[in-house]
Amino acid sequence: TFQDGGEEVEEGAVYNVTLKKVQIQQAANKGARWLGGEGDQLPPEHTVRQYETSKIRAIKAGTLEKLVENLLTAFGDADFSYISIFLSTYRAFASTRAVLELLLDRFGNLETSSHGEVANLNSLESEMVLRAEIASVLRAWLEQCSEDFREPPHHTCLLKLLQYLKNTMPNSDMEGKVQNLLKQFQSQEAETVDGFCSISSSDLTDGEELDISTPEEFSSFQDHIVAEQLTYMDVMLFKKVVPYHCLGSTWSQRDKKENKNLAPTVRATITQFNAVTKCVVSTILATKELKIQQRAKIIEKWIHIAHECRILKNFSSLRAIISALQSNSIYRLKTTWMCVSKDILLMYEELSEIFSDHDNYLTSRELLMKEATSKFANLDSSEKENQKKSQKRLQLQKNKGVMQGTVPYLGTFLTDLIMLDTALQDYVEGGLINFEKRRREFEVIAQIKLLQSSCNSYCLRPDQKFIRWFRSQRHLTEEESYRLSREAEAAADTHVLSPKSQKSVVKRLSTLFLGTDVITPPKEQPPKISPLGGSSGESTDSASVSSCELNHSESEDVCGTPLSSPEDPLKKGYDSDKGSTGSISDKGSGSDKCPTLDKAPGSDSGSEKGSSPMQCLSSKALLPAYNRQSGGACIIRVSMDGINDSVYKSILITNQDRIPDVTQRALLKHNLEPGAAEDYELVQVISEDKELVFPRDANVFYGMNSHVDFNFILRKKA
């Protein structure tokens, strides 16, 4: 049992004291001993339990000298985690040189140490104890944080340590270890960039010409091979992340000019994350000649690769791929997303939900900790077909008999550490270093170290052909990708809106829903993901155009009018959020969940500004007829359930309209409050015993059955 013992204050330090009561012995009482019994052979009533209360002192705040001195006394105070916490966090308040000088010059020099810092050093026994304590600290330092001594080109601290070991522990194992570490640092200097050995330097042969990437080349790589290679690169980088590079006090200073080389190991993981994101975008958009179906196949391939990353427990590349698919330039490819199969879209939605920003990314945090040390991924899917595929792939991994590690999305930890650094003070009353803050930071650092250790379980080998292809990808800028996206969508619209292709698309979408009586609305849309951690601001890419309303007595007054105001902040939102990504804005669509089509930033010309994709309809000759879809529009009849089924209102809808807009206008036509639209559901009457119920954010034009009468019912939800 534990009991709070309050605080102890010394000169230059404050300690938290905890009293721990432990059982040290269970002995037989006198009568039992007289009978020759032993404590562990007797019932409880014939035994005597003996307890001991020990005191645990944990330093709460102190001067640098006291914190370094506590490295030598922590084990005596039963604060067994202190050394690891100090070594992982001291760079936030001191340099390697300052700590090493205190440890070796002040406490390691026996001549000066006898003046009061450590008592009873006159005896040989005390000298041996002190040297053993210092050696223990140095050994832990070299094993846990050897990167602290990397100071090219001179490595001053490492040479100082080597000199100390030669004087006090000549020919020891530690002296040999320091010499080997020095040789390793010196040999890596030629291959090192800002103190970090890049894995990409060996990926391409010097002078080798890079091949121009083609969609066929990308398609030639199997999905699991791509996922394994992305995981290989992520593992190599994540294992080399230096813990103190992640500290909020370090990482939050990265944008200053003088700190452009700060935290190179963290920057390397982020560079790889962004490279994956840009690779996804470029493979989808870079080739202008791709047909709609070909582009959709590439999107499907990346979703499959993301699923393979999930099986490999690589949450870094998984999030990078999802982030790319939710970027402005990809999610606006409406007609392309229409060609993505329904099963794959459901898989995509489930993968996206892992990174939902609900409750501070609780889902991804719990999943990461659940699988941090598990041998294999724990795959759950609400879709039976996806569940079967997942279990089959997972079984193949298990049959190999090799455990898997876990690669996290590092941005989550960086965000946590920055929050801690902002919330907690560096110093407390009296100018003492707040070490309680460092204990809190170490809780996050320890998770990173645990995951780094788990990555040793991976047995992956580099595929030089894929790595060369990956490195050779030309990354598009935000402006280039958005321009190519608009061009691809414009070409797709021309194709889809032709009478022949439109009929086939509508037929395909209608048959998706004819097999079921009721369609359950899918789950909420996933969050927008920012490559550098956290979620981006709310997407302003929601400018849409309402369809025109047509009553049988109002056919003269039909015109498309924009819902958004002239001050719609589309361009502003895009420009102010460079590098962030958007979201799939219509998860609940009945038309294979296709994203909406948005304007590109800065594209508002005089002829386009404020106009609908369908130009204003001013003539009866241009109006579509009832029961026929033409030119991306049609007329439907909507009646109110339970009021008077014979009274209906005619409404003109376009291929841009969704359930909320149509519901509001139908209520308005029936002289009901449009604000209650969420209380109603829109139903198409297929036959006397069959109805089509639309999900809450479905596209009515593409989701409806075009082979029956366009009769709809507005019904209050149960």
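Trainee: What makes the largest nonpolar core a core, and which residues have the most contacts inside it?
Mentor: This is a predicted model, and its largest nonpolar core has 125 residues. They count as a core because they are buried nonpolar residues joined through side-chain atoms within 4.5 Å. Phe86, Leu138 and Trp302 have the most contacts inside it. Helix 12 (residues 264–285) gives the largest share, 10 residues.

Trainee: Which residues does Leu138 touch, leaving aside its neighbours within four places in sequence?
Mentor: Leu100, Leu103, Leu104, Leu161, Tyr164, Leu165 and Met174. Contact means heavy atoms within 4.5 Å, so that is the test each partner passes.

Trainee: How many residues are in the second core?
Mentor: That separate core has 25 residues, among them Met338, Ile653, Ile686 and Phe701.

Trainee: In what order do the strands of the open sheet run?
Mentor: The order is 11-10-14-12-13, five strands with mixed pairing. The twist averages 40° from one strand to the next.

Trainee: What makes strand 11 and strand 13 edge strands?
Mentor: Strand 11 (648–654) and strand 13 (690–693) each pair on one side only.

Trainee: How do you know that strand 10 and strand 14 pair?
Mentor: Two strands pair if there are at least two bridges between them, and 4 bridges join strand 10 (residues 633–640) to strand 14 (residues 711–716), so they pass. Those two strands run parallel. In that pairing, Met640 stands opposite Leu714 in strand 14.

Trainee: What packs on the sheet?
Mentor: Helix 26 (residues 659–669) does, touching strand 10, strand 11, strand 12 (680–687) and strand 14. Its direction makes about 150° with that of strand 11.

Trainee: Where is confidence lowest, and where is it highest?
Mentor: Strand 8 (residues 545–546) is lowest, at a mean of 30, and strand 7 (residues 432–434) is highest, at 96. The mean pLDDT of the protein is 75, and 67% of its residues reach 70 or more. Over residues 111–121 the pLDDT is below 50, though this stretch has 18 contacts in the model beyond near neighbours in sequence.

Methods. Residues are numbered from 1 along each chain as its sequence is written. This is a predicted model: local features need pLDDT of at least 70, side-chain atom pairs count only at pLDDT 80 or more; totals for chains, interfaces and linings use all residues. Side-chain values use heavy atoms; hydrogens and water are left out. Buried means under 20% relative accessible area, exposed over 50%, partly exposed in between (1.4 Å probe, protein chains only). Axes are lines fitted to C-alpha atoms, for helices over the stretch in contact, and angles run from 0 to 180 degrees between N-to-C directions. pLDDT is the predictor's confidence in each residue, from 0 to 100.
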